[in-house]
Each structure stands twice: as structure tokens, then as C-alpha cells.
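Hi,

Here is the structure I promised to pass on. Have a look at it first, and then read my notes below.

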Amino acid sequence: MPTVGVKRDLLFKALGRTYTDEEFDELCFEFGLELDEITSEKEIISREQGDSKASGASDIILYKIDVPANRYDLLCLEGLVRGLKVFKNKLEAPRYRRVSPANGEPQRLIITKETAAVRPYAVAAVLRNITFTQERYDSFIELQEKLHQNICRKRSLVAIGTHDLDTISGPFTYTAKPPGDICFKPLNQTKEYTATQLMSLYKTDSHLRHYLHIIEDKPAYPVIYDSNGVVLSMPPIINGDHSKIALKTKNVFIECTATDLTKAKTVLDMMVTMFSEYCFFSALITWFKLSSEFINRKVGINESTEKIAQLLTRMCLLSQVTGVGDEIEVEIPPTRSDVIHACDIMEDAAMAYGFNNIPRTTPRTYTVANQFPLNKLTELLRQDLAAAGFTEALNFALCSQEDIADKLGKKIADTRAVHISNPKTAEFQVARTTLLPGLLKTVAANRKMPLPLKLFEISDVVLKDETKDVGARNSRRFCAVYYNKSPGFEVIHGLLDRTMQLLEVKSARGTGYHIQAADDSTFFPGRCAEIFVSGKSVGRLGVLHPDVINRFELTMPCSALEMDLEPFL
Amino acid sequence: MADTGVVETLLQRIEKVDDGVDSLEVASSLGVDHQVIVGAVKSLQALGDVISAELRSSKRWELTEEGTEIAEQGSHEARVFSSIPLEGLGQSELMKLSFGKIGFSKAMSNKWIRVDKAHEGGPRIFRTVEKIEDQVREKLLLVKKGDMTQLEEKEKNELKKRKLLSEVTVKSYWISKGNSFSTTVTKQEAELTPEMIANGSWKEKKFKPYNFEALGVAPDCGHLHPLMKVRTQFRQIFLEMGFTEMPTNNFIESSFWNFDSLFQPQQHPARDQHDTFFLSDPALAHEFPQDYLERVKKVHSEGGFGSQGYKYDWKIEEAQKNILRTHTTAVSARMLYKLAQQKFTPVKYFSIDRVFRNETLDATHLAEFHQIEGVVADYGLTLGDLMGILHQFFTKLGITKLRFKPAYNPYTEPSMEVFSYHEGLKKWVEVGNSGVFRPEMLLPMGLPEDVSVIAWGLSLERPTMIKYGINNIRELVGHKVNLQMVYDSPICRLDSKSVHQVGVL
């Protein structure tokens, strides 16, 4: 969820009234925002860099407001104020129009086919007759940055360039060239560089180095020229210095280059509509027609068609009753790219009505509950295993390769484990294939507890399985360990007998269960047995191998049991 | 049992008096250590109500070691005086005596002696009075006799300052007859035995009383994990409300079911390497319901079902990527798809199981946690129905004050965050998320157009941490838990008002 920082007094001035912190918090809640923090520049610097650095900083009060991730129109002071004012009936929902320049000739951006291989889309617009103040200018720059970080996915999907139109002349050309052939003076530099030189220059730039990978390995880099060959920008990395905007800039040329055309259009609409109040200008509007009955039915209210049109208008969705039945025509301004279905309009009506004013009703849905049989078996068995004197442990499903292989004296290739491609640490390399390592780690972390330690866990492990659509499946396991000064094989064996009794399986070769000597590198030679139920192997029990005990940083003998539960369903 | 002789003597003493005796006095009159009498009192108390003993403490002045010496031999100054013969004594001679130094200055200030510094052979000391009165010694003798009344407070403090007296607290018992007083003591039995029951001898015996202040012996037992106890309760609540449990035993999921089927676009940040665990083996899922997949692709890239869609180039390669599921809603999607393949009947589903996030870890975030999810699908469900059912659900957790905040979620519209009023914190806290599944998710599955699906979710760990007062999630889940915490955790009643916590959420 993006956070927008605005100066409180500036915000109140724009809203036309002041609020207490509590009142503003309440307003945010109703509108689906969250007043996350009340702070100041001074406080932020002092917290992050210490008091000494903060001494000169401003102590103007800042509101940090959390904005829903799809409401790009609320990412700057201008949009926030517009949204809240319309919501509170203080302002009519704005209607955006495109206007032609005085000479009637629109600017043109020509896209060449070379861009297809690197960054195929570009859209552009001009904000004319804008009046910047320092605050507006800062907000304009900050909105670009917020859009870059959110919808633009760190410039990978869309990159925005803004230029002083009066320093350049159209038509503009968006093309792609080998890095050696691009040469210009980039923003805030004193001399010209080729694109190749720029890429190495920015390797150490704390801000720009994060974007280099987007085009770094491409044979040709995107670049925008004006009709005189002046470089406007090399998206998505840097603009040219020549066309940079300043406080005195009157006409702003905005270009968005992209790998996703829909998002490029959304971003351009945002840039333009948010700052249109400081100039005269325009855009495209889409229309939705829906019935008030739809909204009443989905929300669970009963309001007149006129009232619903009013509710929607308060959400900046200019709405009119058409007179055909209960039909409402809704104008979706370019600021509201999140509206893509009638249900989005329905939500806005519900918000304007106030979620907490909607009557809470009970659905009449009649159903009979069923437990998932495997979970039912697990729940019942857990109770009785605790009654048998064993304590339940709860361990992670993810672990290191070492845990399920080396430490147990096994090879990772023999485990059927699924592997994670992007673990941040070794703890998340694989999904566990056995519950035993988790229980042994729990024992190791509790060596100070009085002996014996008797633990169990019933949970899922994950195994590769070709027959499943995803190539893997869970397997429900029961595992128990007994840790004491003597191995206590008879204790674990007794727990197996008790478990079989609970599962109504008799001790009998062939028709019931039996155990028989087995070789397993996890266990001490001659102290391991395989568990068979109706002739099928379901697991093993035995005394752990001293090497295994050592690898888990334990010091006492330990016996263990692990078996599948699914055969008992 | 203490010395029987002492016990009997003590009982005889008590019998003779009307009110009672003081243990200190008894000790001094019998010439035994006070502790011996205390031992006798304790053993008599253990027999029941033979005697009544009241613990008393009093302050008493006692002579210090130096004070005792003075009481016996006189004060230092008096001893100086008496060691000076009529012809006087050389000062250096005097100073050799153990009491010389202190006694000299005191005797000087009392004007009992004088120094002739000009005397031939060095300074010499002479008596100035014929007779002295050693008041210090007399006062100390009074204290020793226990006769403090003649000493003034000022005098006591003076002696205390000279470290001759000290004030001590003395504990003694005031012993009087109990309700079943007797001068003869019968031996008490520790426990009832099978023999006593068989021959009836228990009727004549006296039994040692139990100490009900002590704790019992801890039973030898196993314990359930607190998080699982809370899970059992949540399961119970859903079952009471008629919800059927979903089969969530598939941690590995394809991006298709985890994201695409939920209308979550392929560029969504949740699908980043930073947020989701991807698999390298098996890297891809290989089987999808083909016609459904085509409809999902279309609704993302072109729209349809009344939607404009996201209008981007939807790629099967992204959908195939296997991941560790990031939410159990992936299973809900599978279940709703399955439901859509039959003649529609209303359903209520729930699940509580593990989900995985490749997030930055801290005191409240782990890479895996349990998600609780509830889903209702029926004709004509409203947003009001969702709020109503949430109200019923949370009431079962003991939470009745709820309010809802508009929120954003890619697969629900409307989306609402659920807040409850926390009586302890005196503020509204978020307790869950909820919403109505988008038509772009439901209609490609083939569900009837007038069916709505409402859903909500919350984590299992958070209410458990609050319920059991745990601040760090690693103390609750995983191998680093302290087993003592597991052993000691009480049963879980989510709606109980009797617990110390103020509500579970």
C-alpha cells in the first residue's frame, strides 16, 4: 500500500477547513484511507539519522496517508484533495476535456519499429499554460516518483519523462539505437556522454543504478529526439539536460514509454489530470450504463435511482439518471483507471453510502457442514497422542537441504523434495520431506527441560509426484521422538502399538500391522524396523544413529517413529 | 519430633497458667536455647489444636561486646582513673594499657585527671578527685539486668552511639492452651493404610494434617500446542456455522490457481520474487482445464463478462510457474471452479492451513503462517450479508463491536478491512479482511451470473499471540519454542470472558 506524505496545513488550506487529527483520521477511514503517521521532516531525519542531523530541518507537520494500491489518483496532494472534497460534497466532480493548442496543430510523437525489441510503447501529452509554485512543482516531481515506484513497477513497465516544451520542437521521434550511437548531456551533468558511458557512470548512482538492468543487456537503447535532434530522454534511465523543467516552465511535454500500453495510458492520464487544475486542458472519458437495481441488490440497500446517482457523483463518478427505467449513466474520468467493471461502480456507491450504514443481514444459505476426513482423523488422533503422554510440536514446512538430507545421513537426490528457486536464506531451500528434523531441532532448543522429552507432530510434508497437475503433493505424516538417557525403543514401539489400537489395526502379519528389521542410514544399525500395514510399508521406527544425534547438536540417545497417516483414512 | 522431655515440660507449664507463657521466658527459666522451645512449639502445632501459639516480635536493647566488657570491668575512663596511683603515672605508661587512649580523653573531659606536661621525665598524669562514680558501667548493668525503665531515651542513644548498646528485634511465641489441649501427646499417623481400613484402627488414630498451601505433584502428561488448540476452536466455530472444510493439503500451487484464476494481473507486485517463493523443481505445472484457462486469459487481456479487463499480454508461461501458495484462496478458487462444473447449489466453505510469503522477517512475520478463510456462495448475496455473517463469526470469538473500512484487493470488489474495538487498547484494531469476489473471477469459472461469493480471512497466529500473551512469533511457532510454554498453556475458549486477556483479537 503506497504512502503519501502531505503537509498538513497545506492540505487543510486546500480542503478549505481544518480538522483535528481524530476528525481527519475518521474522514480517512470512511474514504478507505488510513492516516498512518503524524510527523515532520525533522522527526523523520532525527529518527533515521540522529538528532544532530535534524537540527536544521523543517518541523512543519506532515501527514503520512496510506492509499489503496489501485487508487493512483490519490497519490498526490492535488488528487487527494479533489477526491475528499467531492466526497464531502464540497466540490463538483471535475470533468476533464482535451483542448487543442491555439494553432490547432497537435504535437506528434513518432514511434519507429526499432523500439519493438526493447520498449515498444510510448504515449505523450502536453500540459499547457501551467503555473507552478514551489509546492506544486515539488508535488509534480513527487507524483512522478510515486507512479514510478508503484504502477510503473520501478520503471520496468512504464517510465515517465517531463520536458519544457518551449525548449524543444516537435514532431518528436521515439526510436532505439545502439548505445554507442546515443550521445547527449544528461540531466544535471555538465558534459555529453554516450549511452555506454552513462551506464557505467550510473553504476554507482544510489538512485539510478536500480533501473539500469531494464535495458542494460539490450542491443539497442530507447531514445527520444526532437525535430532538431535534441535528446529529450533515454528511457527508462534519464532525461536530457536541455529540456529539463523548472519553476518558470509554462508548457510541459510528458512522454511515457512502456512495455505495457494500458499502464502507460493510465500513467499519462494521471500525470495530466492531477495537474490540470493549474492549467487549461483535457482527456478521454469512458462511459458506463447500469441500473440502480443492480447497485441496491449487490450492496443490500434500497435507494432511489436519483440518490444512487448522487452517491456516485460524490465519488468523482459524474452520474445522471437517463430516464430509461432505472438506468444511470456514469462518466468515468481518466483519473479512475481502477473502474473496469460495474462492480467497481457498485463499490463506490457503497462507500459513499457508508459501509457502516448498510444494514447487516443474515444470508439464508442453508448448508450442512462436513469435515475434511484427513483433518478429522488428525484432530482425533492428536488428542489421544497427547493423552498418551506426548507433547505436540509445530514446526516449519520449509527448511534447508541439509536438514532433510545430510543431517539424516541421506542424499538430497533421494528425497523427492521440491526445491525453492529464490530462497533468501538456507532455511527456505526446500519443503520438508520428513517431520523428524523439526522435532529434533525442537529437542535441541529445549535441552534444559527435564528428561525424558516426548514429542510428536502430525502435519504435512511435500513430495514430488508426477501424477499431480503441479508435479507435487502433500503427505500427512505422524512423527514422534523419545529423548532420554536410554534410547527407549520400547517406549516408541509402545506408542506405535497404542496408535494402531486407536486406528483399529490389529497386530497381525498380513491382515494387521507388524514391524520387521530394516536398514536405514538415519538409524543405528540393527535398531531400525519398518512398519507394515496389510503388507504395505507405511513408515519406520528405531533408535537414531549417533551421527544423526550429533548433527542435530543432541547428546542423549533418541528413538523415533515416522509414518504415513493417509492409508488409515 | 522435638525432644519429648521439653515438649512435656512445656505442656505442663502451660497447664499451670491461666493465660499463657512466653517462649523466651520458658527458655531462660529452663536454661535451654530458645530454638529448642521453638522446635517444641512447631511440633505441637503439627498435632492440630493442642496449643495456640501467637508469634510476637519485640524490640530489646542488648549490650555489645564492648558494652559487656564495660559492665564487667568498668568503663575505660574509670579503669584509667583507678590505674593511676597517688604519685601519678607517666602518660606513655598509661597509653600502653588497652583502655588507655579512649579512657584518657573521657577521664580528662570528666575532669577526673590532669596532665603535668612540665614534669621531669616526660608528661605525667595525676588524679584530681578522690573518688569517682562510674555512671556508664551502672547504666550498662541496668540494661544487663533488663531494667530499662530507669534509663532515659537520651542516655540510651548516647550509649548506642558509643557502640555499647544495640537494639535487636526478638521473636517469641505467646503460647496458650488450644481447643484440644492435653498434657499427653499421641503419635500421629501420616496416611491412611489398607491395614487401618481392614482392621478399623483408623477410628482411634489421629492423622497429621495436610498442608493445603503446598502445590500438588504435576501429573505426568502430554500437551497440545497452543496454536493448534486455537485452530481447533476456529474449526469448531466454522462447523457450528455450517461451513464445510476445504481440502487444503496442497502447499505447492501453480501461479494460475494462486493468482490468474483470481484475476490478479501478472505484473502484480505480489507475484514478485520478493514476495513469493517460486519452485525450481518442479518448476512448472503441466495440466490446466484448457477451456477455463482460455477464458481466464481473455478476461485478463481483453476483458469480457462486463469487464474491460487489464488489457495486457497474458502469458501462459507466467501462469505455469509453480509456487508455494501465498494464500488458501487458491484452494477456494479450485473449489469454486469445481462447484461451477456441477448444477449450482449454495455452499459455505472454510479452511485453516499454512500459506507462504517470501517476506522480510520480523517479530510478527514469518515466511509461513496459517490463514483462516471463510467463503459463502449463493444467489443474491449482498454486502450487507457479508457484514452480517462477519458479525456472527466474530461474536463467536467474543467480539461484538465491528466496523468496516473500504480497502483494495485485486480479486474482491467491494473489499473491506474488518476492525474491532479493542477494550484494552481503547482503539479500533484491524482483525481481518473481507470482500465480494469479482465477476471477472467467478464468471470465467462458469458460475451462474446471479451467484455472489463473499469471503473473509484472517491469520491464526495473531489471535493466538494475543490470547496467550506472546510478543515474538518465534516463541509460538517453530523449533525454537520453549516447551514449558506449551506445557503451561491453558485450554482455549475464544469467547470466554473469564480469561485475563481482554478479548482474543
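Across the interface of chain B and chain A there are eight salt bridges, taking a salt bridge as a side-chain nitrogen of Lys or Arg within 4 Å of a carboxyl oxygen of Asp or Glu. One to look up is Arg334(B) with Asp469(A), where the closest N and O atoms are 2.9 Å apart. This is a predicted model, in which local features need pLDDT of at least 70 and side-chain atom pairs count only at pLDDT 80 or more, while totals for chains, interfaces and linings use all residues. Residues are numbered from 1 along each chain as its sequence is written, chains are lettered from A and ligands numbered from 1 in the order in which they are written, and side-chain values use heavy atoms, with hydrogens and water left out.

On the rest of the interface: chain B puts 107 residues into the contact and chain A 96 residues (contact means heavy atoms within 4.5 Å). Together the two chains bury about 8500 Å², 55% of it on carbon and sulfur atoms; this is the accessible area, with a 1.4 Å probe, lost on putting the two parts together and summed over both.

Strands also pair between the chains. Strand 19 (residues 419-420) of chain A and strand 9 (residues 279-281) of chain B are antiparallel, with two bridges, and His419(A) has Asp281(B) as its bridge partner. Here helices (H or I, at least four residues) and strands (E, at least two) are DSSP runs numbered from the N terminus, and two strands pair if DSSP finds at least two bridges between them.

Within chain A, an open sheet of three strands has the order 5-13-6, with antiparallel pairing. Strand 5 (121-127) and strand 6 (158-164) of chain A are at the edges with a single partner strand each, so one side of each has no neighbour in the sheet. Seven bridges join strand 5 of chain A to strand 13 (residues 252-258) of chain A, and Leu127(A) is partnered there by Val252(A).

Two helices touch these strands. Helix 8 (residues 261-275) of chain A packs on the sheet, touching strand 5, strand 6 and strand 13 of chain A, and its direction makes about 10 degrees with that of strand 5 of chain A. Helix 6 (residues 134-149) of chain A lies across strand 5, strand 6 and strand 13 of chain A, at about 160 degrees to strand 6 of chain A. Axes are lines fitted to C-alpha atoms, for helices over the stretch in contact, with angles from 0 to 180 degrees between N-to-C directions.

Best wishes
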